[in-house]
Amino acid sequence: MKKSNFKYRSNLFILLCFFVLVGIGSNATADTISSPDGKGYRFEKDGWTYLHIEGAPYERGFQHGYLMAPEIAEVQDTIRYLTYHDTGMEWDYFLHAANEMFPAHIDEEFLTEMKGIAEGAQEAGTNVSFEEILGWNAYKELTGYWWPTVKSEAYKKMEIETDSCSAFIATGDFTEHGDIVLGHNTWTAFERAHFFDLLADVQPEDGNRIFMQTAPGLLDSSTDYLVTSAGLMIAETTINSFNQYKANMSPAFYRLRNAAQYADNLDEFVSIMNTNRSGGFANSWLVGDAKTGEIMRFEQGLKFFNVTKTDNGYFAGANSAEDPRIRNLECSSLDPTDIRTGVSARMVRIPQLIEQFKGKISTETGKKILSDEYDVWLQKENPSTRTVNGVYWLDSNPYPNRPPFKPMGAYDGKVMDSEMAKNMSIEARWGSPSGRVFDADTFLSEHPQYGYLKGYLKSFPTHSWNVFHAGEKE
């Protein structure tokens, strides 16, 4: 049930005041807040929150939970309300399932880090349990993959509709300097999207350092844009209409975090991601190795996966599956020729743009690709579900079987090249890559059918592109 907004906001105000005092009292600037051990810190920059954590699993988890406690409180308030509204089942039902299925398939290192997150948040005044942190990490898998199988009691009736994210990766003759360029924008329902304004610099005691876009309380990226100290440049788009899932396997969030922290090359990334896979969060991964200039498209289903590599070419990502086995046997309604759909239209448009910019692709042209609003179905500029810069909330007639004017679309843009990756930096924009403004109050006034989101739907103003890097200070 929906909680009192007054009670939540009062608690949040108290927590924020507390953190300001802590930041000032620990010899940090008024804009930088430090963890009690002085190793972790956070600050705000042009729409983003920057978080640095380091050390042993519990230590870095505690820093994370302590510093992000107000946001973790908001996450739990929001998903408790939305989960019940969207599924008819209380959030505690999913927490119980997560606790039954996943801990046995997660290394102790990452269980300890999640316990640290919970206890750090508790220390800062947010009442959150380990089970709630685990459930939030597995949220996509629980509600989008596991729950449909339980509800339908048959895989053949399950279908995951995810027109979300546009991406590309290019190298060799296609880029300005012959190195790798990776671009990505994220589409998420806006009532949850605002949580993903976090850029986390994770410096673990063992394994690779990771710099990633993520949300408070998560071990992995979830939006999946990250770079590691091994030189791996990683993004993905979720495979649409996927209909397979196997319970009691390793959850997707754990496999990605494990691969990011411990894979040193493309093959190791694939191996870790494929170990004990569940089919949850089936993706087309676009990964580059800044050390070699080689790029990879790794399509991962449940029974099938496909790896294609090149050091002179490109791959596009728009929620499609190129492997005929995954597309035909593990998906439904995924027709690569039907450009009335957002998936197929973007899988036509992104290659057009890459060919147009061949030999000139850089982070600057990457921004243009991510901001593109040309509709190949209508053959005109038409911001909609079919454009690379998804503008779902303006689409009056999305196809197929999608509700009109859904408050969803691209709410960020990220680009990097090989040199940036070697320095563990990315260039990012919070808000629509094209600079479009989404005003929640105006939207709800014009579309009262979404009134149930009042208090949870946030605006996305225009921000500038900025370069961020691991180890950055305020």
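Okay, let's start with E373, which is buried, at a relative accessible area of 9%. Buried here means under 20% relative accessible area, exposed means over 50%, and partly exposed is in between, using a 1.4 Å probe on protein chains only. Before going on, a word on the model: it's predicted, so local features need pLDDT of at least 70 and side-chain atom pairs count only at pLDDT 80 or more, while totals for chains, interfaces and linings use all residues. Residues are numbered from 1 along each chain as its sequence is written, and side-chain values use heavy atoms, with hydrogens and water left out.

So, which residue forms a salt bridge with E373? That's R436, with the closest N and O atoms 2.9 Å apart. By salt bridge I mean a side-chain nitrogen of Lys or Arg within 4 Å of a carboxyl oxygen of Asp or Glu. R436 sits in the loop between β19 and α15, and E373 in the loop between α13 and β15, so the pair ties together parts 63 residues apart in sequence. Those helices (H or I, at least four residues) and strands (E, at least two) are DSSP runs, numbered from the N terminus. R436 is partly exposed, at 28%.

Next pair: D375 and R386 meet in a salt bridge, 2.8 Å from N to O. D375 is in strand β15 and R386 in the loop between β16 and β17, eleven residues apart. Both D375 and R386 are buried. There's also a network, where salt bridges that share partners join R60, E109, E113 and R257. Over the whole structure, a search finds 22 salt bridges.

Now some helices. The axes of α5 (residues 108-123) and α9 (residues 252-262) come within 11 Å and cross at roughly 110°. Axes are lines fitted to C-alpha atoms, for helices over the stretch in contact, and angles run from 0 to 180 degrees between N-to-C directions. That makes α5 and α9 roughly perpendicular, a label for 65 to 115 degrees; under 35 is roughly parallel, over 145 roughly antiparallel, and the rest oblique. In the contact (heavy atoms within 4.5 Å), E109, F110, E113 and M114 of α5 meet α9 residues including F253, Y254 and R257.

Last, how many disulfides does the structure hold? Zero, counting a disulfide as a pair of cysteine sulfur atoms within 2.5 Å. C165 is buried at 5%, and C331 is buried at 6%.
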